[in-house]
Amino acid sequence: MVTKFPSESITVMTEMVMPNDTNTLNNLMGGNLMRWMDIAAGICSRRHSGCVCVTASVDSVAFHNPIRLGEIVTITAKVTRVFNTSMEIHIVVHAEGINPGTRRRCNEAFFTFVGLDEWDNKLSIPKIEPQTDEEKALYASAQRRRDMRLILAGRMKPNQSEELKAIFTNPNA
Ligand SMILES: CC(C)(COP(=O)(O)OP(=O)(O)OC[C@H]1O[C@@H](n2cnc3c(N)ncnc32)[C@H](O)[C@@H]1OP(=O)(O)O)[C@@H](O)C(=O)NCCC(=O)NCCS
């Protein structure tokens, strides 16, 4: 199976915060931002895999800075690592107002997508080869994040994770 680079499927989605996207404080509603993040991650996963992909999980999302009505929101999605039928997508969100210097990083998240065929059978996904230093660091740390989310979801036992078993098991027990 062919190996691909993260740059081949990078997805940049730009939106403007309109009145019906906001909460009662005139800030972008968290749920609307998560919807855009899910769409960007879904497009990125499909570009990489070439098949229909579904969201399997979203790691914790923190909203560091409010995003105001009328601001421009840029959501960047990149594949960090492919496992077998699943892949991890890193999302970074920036917001900017009209004035120069207002561009700021507002949040980030890791999504996991699974590739499916037309009968909902899971598909093997082409591997990814990181190129930049940042891509290599995200690739290397992806195994830990995957093990952690599978343990928290009850899909992996802590002692099955080479990366994390020392955290979860008592060596003196
Ligand atoms: C995601 C889904 C396809 C997983 O299918 P499954 O039969 O339960 O899962 P499996 O145990 O065969 O695992 C398939 C892959 O998903 C991964 N996965 C499953 N649950 C996961 C979770 N909670 N977090 C991260 N990855 C997960 C597994 O690690 C595996 O990856 P791998 O093949 O790369 O090792 C299935 O649960 C599903 O269809 N969920 C609904 C998806 C959906 O509708 N999303 C939109 C939101 S409403």
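Modeller: Strand S2 gives the largest share of the shell around the ligand, namely 4 residues. Keep in mind that this is a predicted model. S2 runs over residues 52-58, and strand S5 (104-116) and helix H2 (133-152) are also among the elements that each supply at least two residues of the shell.

The shell can next be described by its residues. There are 16 residues around the ligand, and those that come nearest are Thr55, Asn84, Thr85, Ser86 and Lys122. Sorted by class, the shell holds 6 nonpolar, 6 polar and 4 charged residues.

Some contacts can be followed atom by atom. Take lysine 122, where an N or O atom of the side chain is 2.6 Å from an oxygen atom of the ligand. With serine 57 the ligand takes part through a nitrogen atom, which is 3.1 Å from an N or O atom in the serine side chain. As for cover, the ligand on its own has 940 Å² of accessible area, and the protein covers 57% of this. The site itself is the largest pocket, and the ligand sits in it.

Glutamate 135 and lysine 78 form a salt bridge through their side chains, with 2.6 Å from N to O. Glutamate 135 belongs to helix H2 and lysine 78 to strand S3 (residues 72-82), so this pair ties together parts that are 57 residues apart in sequence. Across the whole structure, a search finds 9 salt bridges.

The protein has 3 helices and 5 strands. Along the sequence they follow the pattern β-α-β-β-β-β-α-α. As for overall extent, the C-alpha atoms fill a box of roughly 55 × 45 × 35 Å along the principal axes.

Methods. Residues are numbered from 1 along each chain as its sequence is written. This is a predicted model: local features need pLDDT of at least 70, side-chain atom pairs count only at pLDDT 80 or more; totals for chains, interfaces and linings use all residues. Side-chain values use heavy atoms; hydrogens and water are left out. A residue is near a molecule or strand if one of its heavy atoms lies within 4 Å of it. A polar contact is a pair of N or O atoms within 3.5 Å; within protein, one must be able to donate a hydrogen and the other to accept it, and residues adjacent in sequence count only if both atoms are side-chain atoms. Accessible areas come from the Shrake-Rupley method with a 1.4 Å probe; for residues, only the protein chains shown count as cover. On a 1 Å grid over the protein atoms alone, a cavity is a set of points where a 1.4 Å probe fits but cannot get out, and a pocket is an open set with protein on both sides within 12 Å along at least five of seven lines; lining residues have an atom within 4 Å of a point. A molecule sits in a cavity or pocket if more than half of its atoms lie within 2 Å of its grid points. Ala, Val, Leu, Ile, Met, Phe, Trp, Tyr, Cys and Pro count as nonpolar, Asp, Glu, Lys and Arg as charged, and the others, Gly among them, as polar. A salt bridge is a side-chain nitrogen of Lys or Arg within 4 Å of a carboxyl oxygen of Asp or Glu.
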